[in-house]
Amino acid sequence: MRFVAIFAMGIALARALPGSPPSSPRTPTPAAARVAPDFSRPDLDRQEIRLSAYRGKIVLLNFWATWCAPCLAEMPRFAEWQQKYGPRGLRILGVSMDDDVAPVRTTYRRLKLNYPVVMGDETLGAMYGGILGLPVTLLIDGEGRIRFRHDGETGLEVLEREIRELLPGP
Amino acid sequence: MRLSTTFRMTGLLAWLCVSLGYAYGQQPNGTASAIPSAQLLQPEELVQILRSGGEKPLVFQVGPHVMFAEAHVPGSEYVGPGRETAGLAALRDRVKTVSHDQVIVLYCGCCPWTKCPNVQPAYEQLRSAGFGHVKVLYLATNFGADWVSKGFPVEKSR
């Protein structure tokens with residue numbers, strides 16, 4: 001039993017050392033934060049999704065793809081957060097950077113996602129300063145300003161803390 | 001008693017080392033981690049090669065097209081994701097008439113190096129086909145962080 005505990009401790013330590021998933025948040029102050037570029041795209045159910053329609057809500061905008069292992073690891077948590085924080089105003093929106101929609105639909109069903117996903121492309125990527133590596137996750141406040149941006153793997157505890165920081169109430 | 005404690009501590013330390021080694025040593029099959037380090041090319045090295053007046057390698061992007069369209073290494077060609085059968089077939093077709101002595105550089109940069117599913121299958125296919133001068137561009141984090149953000153040259157296209 002003790003050996004199991006030590007083994008687990010070793011794994012935990014190793015993951016905390018350099019080389020563990022990096023997190024590179026950019027955290028502009030509210031005044032300096034730029035407004036998230038607006039876009040409108042159909043989701044997988046062909047319902048039109050317009051980012052600016054989420055004004056007043058906190059938006060977690062996640063660029064991902066089916067071939068991106070770190071993306072797939074964090075998305076089930078996003079689905080949990082949508083359920084947990086949705087009533088307080090969180091809206092999660094996924095943007096798939098896959099070349100084809102078919103694997104996106106399959107993954108969407110497999111992960112039982114509960115938030116809309118639209119297809120991205122290089123135009124949308126360029127609007128957001130280049131999506132040249134995944135995942136990329138942004139947190140947008142109720143006024144449509146980008147308050148946090150994480151390029152690459154993100155510590156989910158960091159992301160959740162930022163969400164709580166932006167959400168109104170306790 | 002003290003001796004027993006020492007033994008116990010030594011044992012615990014040994015287990016800790018094994019655990020650390022396990023955690024670091026495990027790499028998923030098919031990811032870029034399986035590529036020998038001698039075959040890796042650093043971004044700075046490729047920039048230098050591209051800027052030199054010498055013979056240029058063939059540079060193939062074996063990742064997602066949407067990212068190639070956003071930005072890619074100047075002169076590089078889009079082939080297709082190495083993790084997909086269609087991507088590997090496209091690579092096979094592309095090198096049909098290429099000499100086995102040709103220097104070929106593969107790159108992707110879709111995600112962190114240890115998670116990239118594309119470069120290793122493409123690399124293995126070329127090696128198996130007899131290409132002896134295949135290098136893989138080492139992009140630790142992704143193409144954006146390790147190439148674009150460093151101010152290295154890029155081209156855009158559809």
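This is a predicted model: local features need pLDDT of at least 70, side-chain atom pairs count only at pLDDT 80 or more; totals for chains, interfaces and linings use all residues.
Chain A contains five helices and eight strands. Along the sequence, these elements follow the pattern α-β-β-β-β-α-β-α-β-α-β-β-α. Chain A has 170 residues, and 35% of them count as buried. Contacts were also sorted by separation along the sequence. Among contacts between residues at least 6 apart, 72% join residues at least 24 apart.

In chain B, five strands form an open sheet. The strand order across this sheet is 1-5-4-2-3, and the pairing is parallel. Strand 1 (40-41) and strand 3 (77-78) of chain B are the edge strands. Each of the two pairs on one side only. Strand 1 of chain B is joined by two bridges to strand 5 of chain B, which covers residues 134-137. These two strands run parallel. One residue pair can be named here: B:Leu40 has B:Val136, in strand 5 of chain B, as its bridge partner.

The backbone of chain A has a cis peptide bond from A:Leu134 to A:Pro135. Its omega is near -5 degrees. A:Pro135 sits in a loop of chain A. On one side of that loop is helix 4 (122-127), and on the other is strand 7 (136-140).

Positive phi values also occur in chain A. A:Arg46 is not a glycine, yet its phi is positive, at about 65 degrees. A:Arg46 belongs to the loop that links strand 2 (40-42) to strand 3 (48-50) of chain A.

A:Lys112 is another non-glycine residue with a positive phi, here of about 55 degrees. The loop that holds A:Lys112 runs between helix 3 (102-110) and strand 6 (117-119) of chain A. Within 10 Å of A:Lys112 there are 9 other C-beta atoms, so A:Lys112 is exposed as well.

Notes
Residues are numbered from 1 along each chain as its sequence is written. Chains are lettered from A and ligands numbered from 1 in the order in which they are written. Helices (H or I, at least four residues) and strands (E, at least two) are DSSP runs, numbered from the N terminus. A residue is buried if 20 or more other C-beta atoms lie within 10 Å of its own, exposed if 12 or fewer, and partly exposed in between; C-beta atoms are placed from the backbone. Two residues are in contact if their C-beta atoms, placed from the backbone, lie within 7 Å. Two strands pair if DSSP finds at least two bridges between them.
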